[in-house]
Amino acid sequence: MTRLSDATLGDLPATVAVPGYDRALVKPGVVHLGIGAFHRAHQAVIFEAALNAGDPRWGITGASLRSAGVRDEMNPQDGLYTVVTRDGGGDRLTVIGAVGEVLVAPENPEALVERLAHPDTHIVTLTVTEKGYKLDPATGALRTDDPDVVADCVDLTAPRTAPGFLVAALSARRDLGLPPFTAISCDNLPHNGRRLEQAVLAIARAHRPELAEWIEAHGAFPETMVDRIVPATTAADIATLEAALGLSDQAMVKAEPFLQWVIEDKFCGPRPAFETLGVQITPDVAPWEEAKLRMLNGAHSGIAYLGGLAGIAFVHEVVAIPAFRRFVETLWDEAAATLSPPPGLDIAAYRTALMERFANPALQHRTRQIAMDGSQKLPQRLLAPIVARRAKGLDVDALALAVAAWMRWQGGHDDSGASHVVDDPLAAVTAARLDGVTDPAAQVVALLSIDAIFPPALAADEGFHAALVRHLASLAANGARAAIEEFAR
């Protein structure tokens, strides 16, 4: 089947939305690190809107920091791909033209640094997942024991980490007399802008203290909150789209209709007119970020581990079960009490909208996709509201059940005995702690001792500890479905 490309763009059905601008006139003003499905369904859609609005400065150069997979999907298509927006009303197809090319950092790190240091580059966005920042999930400090971080602190000729690439490029820009770019983290980290800045400054100081001072004085690392559910693309999705387009699109992504981007008003150079593109510019992102992490993401993690243990494949199937839905509502009750909602965020309406999004059957959002990298996600999604509630002497029954389900998931088997891969950077650590340990109480002690996940003060909290033991014992003895039914009574 012929691929989607500039040459075949005119062959698409009239029902498919296509770029409304001349791609040959676009300048690559954005470099994106970690060009996976989420970026293509989220930030790239906003930059596409800027291009369609007549501002040609916001084309994207994508970069993969690991494999060549996305490059091999997108470059043969001239960077074009389709966003399939799915809800109960059917699919809406939009071809995005904002991405000009995709680089593979390990193959040619110098090319990526050169692109980052180019005068046309004004904004760098990142979706490298929590683990890509090389930060300790419990403290937020740069992991100086990580071999890639150690290498970047010694030599930036061929950077290995996202912060390392930023430092190498910022150093080059300073030497060329260019201003810094604005670096925007779009990952689910609390205070993501500040954490990215700290990682960059730590590597910069290892090379030249004056470079770190220049970055701190003139650079910008705004806080952000991003929200859109983007399930993993399947072979069936690609085949269905091929039938609709009459062309093959190997880089397609699917997403829900909802899209939200909140950015701190902190830039050090040109930017799109974000306010006209549906983006919220605010002096304080933290309340928005906290609400999203603790409500949407926290519930997603609970759904992923409990649903995964019960052998339920999709999020919408989990929340269709009344007991599971009551669990989510109780978790939201607990998490909402720890929030300070910003003006414009109605928590009751937000909860209603979230449940509608979770229940969207067209998305086919897999529980196992959400279950990945749990050790990096738990601190901000579940442990932060637990710490806040325990500081006030409040119970954490639903939140603790979600954490206990993560603990049970580390065993590598669901309730039917089917095995699964524990896809997590600390999987070897959790496996070692659980090796030969079968008693739930002992398993709780073993996993709470991982201070890269659990702050020591929380691990020592007797109320939290007792709730974990009770829930883990119930999950082990009865399975997730029965544990949830018991919980929801």
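**Contacts, shape and single residues**

Modeller: Of the contacts in the protein chain with a separation of 6 or more, 78% are between residues 24 or more positions apart, where contact means heavy atoms within 4.5 Å. Please keep in mind that this is a predicted model, in which local features need pLDDT of at least 70 and side-chain atom pairs count only at pLDDT 80 or more, while totals for chains, interfaces and linings use all residues. Residues are numbered from 1 along each chain as its sequence is written, and side-chain values use heavy atoms, with hydrogens and water left out.

Colleague: How many helices and strands does the protein chain have?

Modeller: Helices (H or I, at least four residues) and strands (E, at least two) are DSSP runs, numbered from the N terminus. On that basis the secondary structure of the protein chain comes to 21 helices and eleven strands.

Colleague: Why is the protein chain described as being as compact as a globular protein of that length?

Modeller: The radius of gyration is taken over C-alpha atoms, and the globule rule is 2.2 Å times the number of residues to the power 0.38. For 489 residues that rule gives 23 Å, and the chain is called as compact as a globular protein of that length because its own radius of gyration is close to this, at 23 Å.

Colleague: Which residue of β4 stands opposite Val 84?

Modeller: Strand β3 (residues 81-87) and strand β4 (residues 90-96) run antiparallel and are joined by seven bridges, and two strands pair if DSSP finds at least two bridges between them. A hairpin through two residues joins β3 to β4. Within this pair, the residue of β4 opposite Val 84 is Leu 93.

Colleague: Is Gly 307 buried or exposed?

Modeller: Gly 307 has its place in helix α10 (residues 286-309), and, not counting residues up to four places away in sequence, it touches Gly 302, Ile 312, Val 318 and Phe 324. Buried means under 20% relative accessible area, exposed over 50% and partly exposed in between, with a 1.4 Å probe and protein chains only. Since the relative accessible area of Gly 307 is 0%, this residue is buried.

Colleague: What is the phi of His 191?

Modeller: Most residues other than glycine have a negative phi. His 191, in the loop between β7 (182-185) and α7 (192-207), counts as partly exposed at 44% relative accessibility. Although His 191 is not a glycine, its phi is positive, at about 55°.
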